[in-house]
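These are my notebook entries on one structure.

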Amino acid sequence: MALSVMLHLLLGVMAVFGSVVKVKGDDPYKYYTWTVTYGIISPLGVPQQVIFINGQFPGPRLDVVTNDNIILNLINKLDQPFLLTWNGIKQRKNSWQDGVLGTNCPIPPNSNFTYKFQTKDQIGTYTYFPSTAFHKAAGGYGAINVYARPRIPIPYPLPASDFTLLIGDWFKTNHNTLQQRLDSGTPLLYPDGLLINGQTQATFTGDQGKTYMFRISNVGLSTSFNLRIQGHTMKVVEVEGSHVIQTDYDSLDIHVGQSLSILVTLNQSPKDYYIMASTRFTRRVLSVTGLLRYSNSRAPASGSLPDPPPGELVWSMRQARTFRWNLTANAARPNPQGSFHYGKITPTKMFVFSNSAPLINGKQRYAVNGVSYLNSDTPLKLADYFNIAGVFSTNAIQRVPSNSPATVATSVVQTNLHDFIEVVFQNNERTVQSWHLDGYDFWVVGFGSGQWTPAKRSLYNLKDALTRHTTQVYPNSWTAILVSLDNQGMWNMRSAIWERQYLGQQFYLKVWNPIQSLANEYNPPDNLLLCGKAVGRHP
């Protein structure tokens, strides 16, 4: 038992090279310095410009523990303004650190900004990536692993070790060229390939008889993928901070922006086995292959590659419904997840958000309820704080779709602190959608085909739906979520499919309380960057 506790502690406090740990009270402070540069590599065999962090692609893995305080000095050596966002980190009371254009001024070239945030009451598998321009197509992404505090139990035996798999689609085309194509109003072509940890092949080595955790994230721009491991089952134990009912799967669909953790036991004969990821819901299938290698392997991988599942939409939706909250397990805190009875709460507001792909002024845009988002030179959070008028609109997006012509706006949906909202994502298009909300996780209570109607509420899971920060919406289908708005701030709700986000499928959710208090929201940081109409203002 003592050895297990020590191992848990070691896993929890692993720090990326270049970091310093300082303990202050119960919650340690961890210090990092990251430098962002361009470099030339050939992920798909063609030399191209990518974004490095501290000379690495993907960037450094951020290994932290629940409630750690992260002090990260980001130095921008690119020729363009730059931001990182921390996908899935809730930034409790602190949307000042969210790292998106609605909350932060981008870091100018040859300048720096120090992020200061806490992994408050969180465990799980997350990612970071660039939120500015179309930088995400050049890399700059990496893993965030938030380990439980040693005194907090986890609902599975400690794995021997864990591996990170960052899998996603990739273009050979330079990110600036892709951005120019979108700016011209032309949709992107199909990606050129899939990468696993920035390569077309990766190997993960373990000892026969031991169990390992694989932390898997879809870091791509546009496509879902299905994951298989030859000859092995995958036990899902955690999804974006939720401990789930532990179920074994032969293959898993993982959509853009999503993360999960699986346990894999090396219980086969000692050899190499294929790890296979291939795209889903696409006319042309892209794939990438890795290897699971037994340390006493006596033979290379052989036999046929593991086959994808037999169906797409029906199969995938059925699998999605099998992901369920483990009601008796805790997450980051000692109380059981099921102690919050979300299904017994009556929503205070209800929204239906429908995505669309209109042409506006002859150019391709993407919209929510007919409104395509335009970024402002002044971050919405700063405009709201300094009472700067004319930066955003709170009445552009209506609560339900209408048949009005598509328009553009810098749109904010206003809500109140402690609202409990029901949101339906309606997808009338033929492609899978992926929706993300910063600052929160939410209960995914229902999936269904066709048009949502109030009668569909009878299909909701109001007992043990899992919580996560990103959910898929299947073609010509709907997904319903419930959100407890307990985190004041300005929060980005966006398509995780980056072309659609860039061309307008996003907005901001303002969670507001008329009584301003540090108990609800922190003051602006002392190193706040100012830009646009906020230049010259003083917090």
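I started in the loop between β24 (367-368) and β25 (371-373), where N369 lies. The model is a predicted one, in which local features need pLDDT of at least 70 and side-chain atom pairs count only at pLDDT 80 or more, while totals for chains, interfaces and linings use all residues. Residues are numbered from 1 along each chain as its sequence is written, and side-chain values use heavy atoms, with hydrogens and water left out.

I looked up phi for N369 and found a positive value of about 50°, although N369 is not a glycine. Is N369 buried or exposed? N369 counts as buried, at 8% relative accessibility. I used these limits: buried is under 20% relative accessible area, exposed is over 50%, and partly exposed is in between, with a 1.4 Å probe and protein chains only.

I then turned to N197, which is found in the loop between β11 and β12 (203-206). N197 is not a glycine either, and its phi is positive, near 55°. N197 has a relative accessible area of 17% and is buried.

Which residues does a cis peptide bond join? I noted F57 and P58, with omega at about -10°. P58 sits in the loop between β3 (48-53) and β4 (62-65).

**The six-stranded sheet**

I traced an open sheet of six strands in the order β11-β10-β13-β18-β15-β16, and its pairing is mixed. For two strands to pair, DSSP must find at least two bridges between them. At the edges I found β11 (193-196) and β16 (242-249), each pairing on one side only. Neighbouring strands of this sheet are turned by 25° against each other on average, direction ignored. Such angles are taken between N-to-C directions and run from 0 to 180 degrees, with axes fitted as lines to C-alpha atoms, for helices over the stretch in contact.

I looked at one pair inside this sheet. Strands β10 (residues 162-170) and β13 (residues 211-218) run parallel and are joined by six bridges. T164 has R215 in β13 as its bridge partner.

**The five-stranded sheet**

I traced another open sheet, of five strands, in the order β12-β20-β19-β14-β17, again with mixed pairing. β12 and β17 (251-254) stand at its edges with a single partner strand each, so one side of each has no neighbour in the sheet.

How do β14 (residues 224-229) and β17 pair? They pair in the antiparallel sense, over four bridges. L227 has L252 in β17 as its bridge partner.

I also checked helix α3 (residues 313-322), which lies across β14, β17 and β19 (272-280) and runs at about 90° to β17.

**Strand β29**

I counted buried residues in β29 (residues 433-437) and got five of its five, so I noted the strand as mostly covered. On one side are Q433, W435 and L437, on the other S434 and H436, and with all of them buried both faces are covered.

I found two pairings for β29. Four bridges link β29 to β32 (residues 470-473) in the antiparallel sense, and S434 stands opposite Q472 in β32. Three bridges join β29 to β34 (residues 489-495), also antiparallel, and L437 has M493 in β34 as its bridge partner.

**Pockets**

A pocket here is an open set of points on a 1 Å grid over the protein atoms alone, where a 1.4 Å probe fits, with protein on both sides within 12 Å along at least five of seven lines; lining residues have an atom within 4 Å of a point. A volume is the space filled by probe spheres set on the points, which are joined across faces, edges and corners.

The largest pocket has a volume of about 880 Å³. I listed 28 lining residues, and the closest to the pocket's centre are Y190, S222, F281, T282 and T431. Helix α5 (residues 498-502) gives the largest share of this lining, three residues.

The second largest pocket holds about 730 Å³ of space. Its lining also has 28 residues, with K90, D121, R333, D441 and D486 nearest its centre.

Conventions
Contact means heavy atoms within 4.5 Å.
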